[in-house]
Amino acid sequence: RQAAAGYRPASASLRPQALPARAPLVPTGANWLRSAGRARGAAAMAEGPRPMPAFVRHIPNALSLSRILFVPVVCVLWLSALPHRAEWCAALFGVATLTDLFDGLIARRLGVVSRFGAFLDPVTDKLLVCSCLVLLSSTYTSLAFMACTITVVAREIAVSALREWMAQCGKRDDVQVGTLGKYKTASQLAAIWLFFALPAIPAESALGPVVSGVADALLYTSTALSSLSMVLYFRAARDSLFG
């Protein structure tokens, strides 16, 4: 009678019931973008790092070589009778100085530091500094300026010859460019830029004597640093020279 009345035992009510089928979730909006981003990231990791374009590797060396191209342009402009030649020379020399700042920075960031770049950077710096100092000697004819120019040029020739000798001895690393040399180059570039910009300042301006004094101080400082670094280089190489 209980079965006929529709009675079901307790064990029957505890049986698992089938759940209704749910529709698959379709990502929309921000969820879809996040899913697509994760998929692209996973695909990129599976493929590995992309190879660097060939021209990117040469950007630092191209910046270093560009400083050589600035030299004849600045020389022609400075010796010409063109109006605003001082402004143009100061602007071009400023761009050349920025290339000296960014070539090493870009090489380190991209991981493309090379032996050729380490050799090329100081060579182009020496060419730019010596050429511009000799060029400025045609305008700034004081004995102090001439003495600094001769000292700097002679120092660069002597240190270049020393590095060549140390390279033949297999000890070029003993005379690599150090922190003192970097300070020397920075002060030289700043002084030369101010000397290029000085004629562009009006004669009646109170800024002229200030700029002139700062330029002289930087020139004397860079000359002293040049002489000191040369002494340190020859001191480090004394065993190879006199041993």
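A: A residue is called buried under 20% relative accessible area, exposed over 50%, and partly exposed in between, using a 1.4 Å probe and the protein chains only. The model is predicted, so local features need pLDDT of at least 70 and side-chain atom pairs count only at pLDDT 80 or more, while totals for chains, interfaces and linings use all residues. Residues are numbered from 1 along each chain as its sequence is written, and side-chain values use heavy atoms, with hydrogens and water left out. As an example of the terms, H84 has a relative accessible area of 53% and is therefore exposed.

Q: How many helices and strands does the chain have?
A: Helices (H or I, at least four residues) and strands (E, at least two) are DSSP runs, numbered from the N terminus. Read along the sequence, the pattern is α-α-α-α-α-α-α-α-α-α. The chain therefore has, under this definition, 10 helices and 0 strands.

Q: What share of the 243 residues in the chain is buried?
A: The count covers the chain of 243 residues. V74 in helix α4 is one of the buried residues, with 2% relative accessibility. The buried share of the chain is 32%.

Q: In which loop is H84 placed?
A: The phi angle of H84 is near 60 degrees, a positive value in a residue other than glycine. The loop that holds H84 runs between α4 and α5.

Q: How far apart in space are V74 and R85, C-alpha to C-alpha?
A: V74 belongs to helix α4. Its separation from R85 along the sequence is 11 residues. In space, C-alpha to C-alpha, the distance between V74 and R85 is 9.1 Å.

Q: Is L133 buried or exposed?
A: L133 is part of helix α6. Because its relative accessibility is 1%, L133 counts as buried.

Q: How far apart in space are L135 and T149, C-alpha to C-alpha?
A: L135 lies in helix α6 and is buried, at 8% relative accessibility. Along the sequence, 14 residues separate L135 from T149. The C-alpha distance between L135 and T149 is 9.9 Å.

Q: How many salt bridges does the structure hold?
A: A salt bridge is a side-chain nitrogen of Lys or Arg within 4 Å of a carboxyl oxygen of Asp or Glu. One of them joins the side chains of K126 and E156. The total in the structure is 7.

Q: Which residue forms a salt bridge with R67?
A: The closest N and O atoms of this pair are 3.6 Å apart. The pair links distant parts of the chain, running from R67 in helix α4 to a residue in helix α5 that is 33 residues away. Both partners are buried. The residue in question is D100.

Q: Which residues are linked with R67 and D100 in a network of salt bridges?
A: The bridge between R67 and D100 belongs to this network.

Q: Why does the salt bridge of K126 and E156 tie together parts that are apart in sequence?
A: The N to O distance in this salt bridge is 2.6 Å, and K126 and E156 are both buried. The two residues are 30 residues apart in sequence, and the pair ties these parts together because its members lie in two helices. K126 lies in helix α6, and E156 in helix α7.

Q: What is the N to O distance in the salt bridge of E156 and R155?
A: E156 counts as buried because its relative accessibility is 4%. R155 is buried as well, with a relative accessible area of 3%. The N to O distance between the side chains of E156 and R155 is 3.0 Å.

Q: Which helix supplies the largest share of the lining of the largest pocket?
A: On a 1 Å grid over the protein atoms alone, a pocket is an open set of points where a 1.4 Å probe fits, with protein on both sides within 12 Å along at least five of seven lines; lining residues have an atom within 4 Å of a point. The largest pocket is lined by 43 residues, and A118, D121, P122, V177 and K182 lie nearest its centre. At least two lining residues come from each of α4 (59-79), α5 (85-110), α6 (115-136), α7 (143-168) and α8 (179-197). The largest share, 10 residues, comes from α6.
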